[in-house]
Amino acid sequence: MSRENYLQFIASFMAVLVLTIPFYTTSVYASINKVTVKGSDGIENFARLDDFLTFNVQAFISGDTITKDQVVLGSGTQFDKCVPSISNGSDCTLRYPGNGTQAFTAIAEPFTINLFTDNKTLDDSEPGSFTVDNKAPEINLSVSKSEFSSADKIIVSYSAADTACDDPSCAGLCVGIKNIEFFDLEGIFEQNVDVETSTCNFASNISIDTEIFSDGTNSVFAKATDRFDQVSPDASVTFTIDTSAPLIVQDSFDIIRNGIRLSTFSSSAVDVDVKINISASDLDFGSVTADFSALNPDLNLTKAKASCESVGDDLNICSWTVSYSPETAGTKTITINASDASGNAESAAILKSLTLDDDGPVVLSLLTNAETDGKSLAKPSGNTVIATFDEVTGLSKGDVILHVDGSELEAASCSKDIDWSCEWQNVGFGSSKTAKISIESDTTDALGNAAGNDTFADVTIDDEPPVLAGINISNIGGIVPAFPGFFKIGDKISVVANLTDDNDISAAADFSKFIIGASNVAGSCEKIQADEQLCTWLTDAIELEDSDSITFNFSDAAGNSLIVTKALKTFGLENATAPDFWSNTVSCTPKTIDRSLGPLISQRSYCQVSLKQKSTTKAVSTVSIGEAECTGGSSVVQNTETFNTEAGSTSPVIKITLIKGELSVNSVNLSCSLDIFSKIGNTSTVTKNPEVENVNINLEFFNLPLGELSEEVKDKIDEAKKDAEGIWELISTLNKFIFYAKKICQLINTIYTIVAILYIAYAIIKGTEVSCSLSGIGEAIGLCSVIYTQAVKVGVNVEGGSQTVDAAKKGLNYFCDYVTCKQTILWGPIVQNFINKNEIVGLGFGAQNYLDKPLSSYMKPESNLVVATLFACLPGIVYGLDKYRQIKCLYADCLQNAVGKEGIPITACEDQKAYSTCKYVTGEIFALIPYTALFDHFMGLIKNSLSNPFAALGIAASVLCSGFLFIPRDILGYQTCRGLRLLNLVGDAAQNVKDIIDTGFTIRTDYCARLEKND
């Protein structure tokens, strides 16, 4: 400011001061000099929400002593008291409210103090206000950096702010900050800062030593308290303490050349990489140095700087490239130094033992990966060659060279197990049958030492893959049995492959379409003979339902492969607990069993079970029918077998084999069950659980075992025996008497026939003499007289004998006629003539004209029960009744012997009885019909002619000689017919004699007597 302007300002100020003197003078005589208000805490102009106020007023009225009623708060609250002050004024005080406290509103509350004169005239007024403080302060913390090392101090900056209330009237007003408290949650750090300020904002900082905190994340908390003791919410700040130096991992120290860790050195210097791991989250890469003087004393390597990189997880790899030439063997010391970003430093001395290696690698073996009997095999391309070495230091793949027919190949990899080995892949040998491989001096170890010798090997080339002769894929059941041809979930897959190859075969298969994870399952292969080999698989259980394929890879020792794909369909499982798709019917062949064969053979019955689908809404087909499980009949059933059970079959057959032995039962009822697994419609689902189909089989038995009779047969035998007792025994006795009477008559008749023969012979001779005389020739030679003389001699005797026999026979004819029923009360010439003339029922056809005997002669009362009964022929009735008795006894005998002992079916005895009864009893009624007699006549002639030649001649004689018989000396015809008649009689006589000799006087077989003997 210029001097002129300054003087103008001073002049103006003095003028204003002069002008205000009158006003000042007036106020000095009456005024309120000072007003204060405090709450219970004694802080001027501030009170709590619930508080009382103390007002203090300094007032002055010139020449007047102020009383309490002259000082008023607001419009009517008088002060409590006024006392003179040392400044000639008055000090007046008021407690509001007079007693207790009052609730105030959190705002800046205004008030007015009024001063009155003695005459109650307002002399002066002074406004004022007080603030109600109900709000705690707030505090904020911060640090200068987030991470501190052991060399740092932790500086925590803080700022506290206070305000009385939230009302706008409180802006910039507060009771003031009393103190600030710092702490941590672990109780290792506490610090109080006493502020005691009336200002509303306060900021500062504190310093904390890092040593009281642990490494890692830490926190410091703070809270501020105002002068009303209202405490702020906690505030915090977080930071990291890092007092740990980097960790140099000594075990990770490596000297590396071409990937080989070295503990050796050669006499020639080589470049190597030295590496070490350092663990630190904040490693200062530029601080990492090393002293490598021990690795090459000729170079200044005391503070070699590293090249570092972080590889995660607080790990860092630091490396150096060094010319490596220790010169002497022994333990070398290498020092590594490192610091982190916080300044924490670390140093480590590493000891490394080194030895000298000046020898190159030595080849121990050089082979392909396929060899037989120590010889290398290979295919034209894609081969692997492996070389093993005796080597101390190590081999790098780029340093090992394989020579193949002029080509040089670097190794694909080198590694150490017991010895070092290197491998070359995808080596090709071309189309030749042999090749040569070698390792030569261009191969070196990691230190550059060359191979000491050249190694060569021959390789045989095989370019033919295995040949598949056949492959069989089948399923093997698990919990659920296997169904041939139906591979289902739960089955195992069994594979048998036959191959041919000169070399060993290995095999693998991909079952992953059906079994989870089974993409490369090795097969078990073995050589059977010569070049024949067998590969097999047995997989885990099928897990997937699918229709896909299995891929097989067959490789020979040279590596030639044969890929084969086989389609396969697998089925899922239908989980019904008890499937019920089928019903059944059964038919057996034979359905009845012959018991009589039991002791001789094991009989069999084949029972076909016809399965029928129950429902037509869902098509099903069988995939497997199990072996029938049969119960019942254990005493006679030896075993059962089931066949025709292949997939799709609906007609399984149960073969039942019976025991070889006595079958003493009438029937056997077998209860069989078949386990049937079915395929559901056209789906790929088969039943998991079998349907148990119950089949009932009933076998009947006929015939009893040999020598054993059933109760029924025994009852029939007893019944037949009873029928033969009583009156029937009398019939048998009478029949015997009649039989012997007939035999006597037959004997007499035979004697008479012989006499008749002699008589006829005499007549023939006599007739011959007449013929001889007529011829003239016989007479001339004297023959006729000889014949005549002889005929006379014989004739006299015959004639005499004939007369004697006729006389005897005539007396017995009556007896024999009765015995043979030729003459009865109702049977005789009169009845016979009537029959012959009327032919009974001849019907006018003249049956008599065709017979050489009367028709009545064919109606035989002596042997026909019906005729005998009709014409009262007692011998014929006895004979017929005895035949019926014999039929009954024969029936019982048949049951007892043929059925019981020989095993003939009982129906044979029944049929025999029915036939015999018909033929010999009831059927004889047909003998009353003349045409039956006519038929029997001619059949009898034919039968006799075939069995008796003489009878045949008699038949001829009866036809041819009917006109010559009994006409004496009728030239040649008479003699001829007489001769034929003689032969006929001779035949009859011979037949009678034969019958007597054959049968004698023995009665025909008496079956009733046989029954009695068997009893």
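## Patches, sheets and salt bridges in a predicted model

Leu597, Leu600 and Ile601 make up a nonpolar surface patch with about 250 Å² of accessible area together. Patch members have over 30% relative accessible area and no salt bridge, with like charges joined within 9 Å and nonpolar side chains (Val, Leu, Ile, Met, Phe, Trp, Tyr) within 5 Å. The areas are Shrake-Rupley values with a 1.4 Å probe, and for residues only the protein chains shown count as cover. Ile601 sits in the loop between β50 and β51 (604–613); at a relative accessible area of 42%, Ile601 is partly exposed. Here, buried is under 20% relative accessible area, exposed is over 50%, and partly exposed lies in between (1.4 Å probe, protein chains only).

A word on the ground rules. This is a predicted model, so local features need pLDDT of at least 70 and side-chain atom pairs count only at pLDDT 80 or more, while totals for chains, interfaces and linings use all residues. Residues are numbered from 1 along each chain as its sequence is written, and side-chain values use heavy atoms, with hydrogens and water left out.

### Two open sheets

Strands (E, at least two residues) and helices (H or I, at least four) are DSSP runs numbered from the N terminus, and two strands pair if DSSP finds at least two bridges between them.

β6 pairs with β5 (residues 71–73) in the antiparallel sense over 2 bridges, and Val72 has Gln78 in β6 as its bridge partner.

Another open sheet has 6 strands, ordered β31-β32-β39-β38-β34-β35, again with mixed pairing. β31 (370–372) and β35 (407–410) are the edge strands, pairing on one side only. On average, neighbouring strands of this sheet are turned by 35° against each other, direction ignored; the axes are lines fitted to C-alpha atoms (for helices over the stretch in contact), and angles run from 0 to 180 degrees between N-to-C directions. Strands β38 (residues 434–439) and β39 run antiparallel and are joined by 6 bridges, with Thr434 opposite Thr460 in β39.

What surrounds Thr455, leaving aside its neighbours within four places in sequence? Thr455 belongs to β39 (residues 455–461) and is buried, with a relative accessible area of 15%. Val363, Leu366, Ile437, Ser438 and Ile439 are in contact with Thr455 once those sequence neighbours are set aside, contact meaning heavy atoms within 4.5 Å. Ile439 is 16 residues away along the chain, yet the two C-alpha atoms are separated by 5.2 Å.

The one from Tyr96 to Pro97 has omega near -5°, and Pro97 is in the loop between β8 (90–96) and β9 (102–103). The one joining Thr589 and Pro590 has omega of about -15°, with Pro590 in the loop between β49 (582–589) and β50 (592–594).

Positive phi turns up in non-glycine residues too. Asp313 has phi near 55° and lies in the loop between β26 (307–312) and β27 (315–324), where Asp313 is exposed at 80% relative accessible area. Asn426 also has a positive phi, about 55°, but is located in strand β37 (residues 420–427); Asn426 counts as exposed at 65% relative accessibility.

### Salt bridges

The count comes to 13 salt bridges, a salt bridge being a side-chain nitrogen of Lys or Arg within 4 Å of a carboxyl oxygen of Asp or Glu. Among them are these:

| Lys | Asp | N to O distance |
|---|---|---|
| Lys178 | Asp229 | 2.9 Å |
| Lys488 | Asp491 | 2.7 Å |
| Lys614 | Asp580 | 2.7 Å |

Asp229 is in the loop between β18 (216–226) and β19 (235–242) and Lys178 is in strand β15 (residues 177–183), so this pair ties together parts 51 residues apart in sequence. Asp229 is partly exposed at 46%, and Lys178 is partly exposed at 28% relative accessibility.

Are Lys488 and Asp491 buried or exposed? Both residues are buried.

Lys614 is partly exposed at 47% relative accessibility, and Asp580 is partly exposed at 48%.
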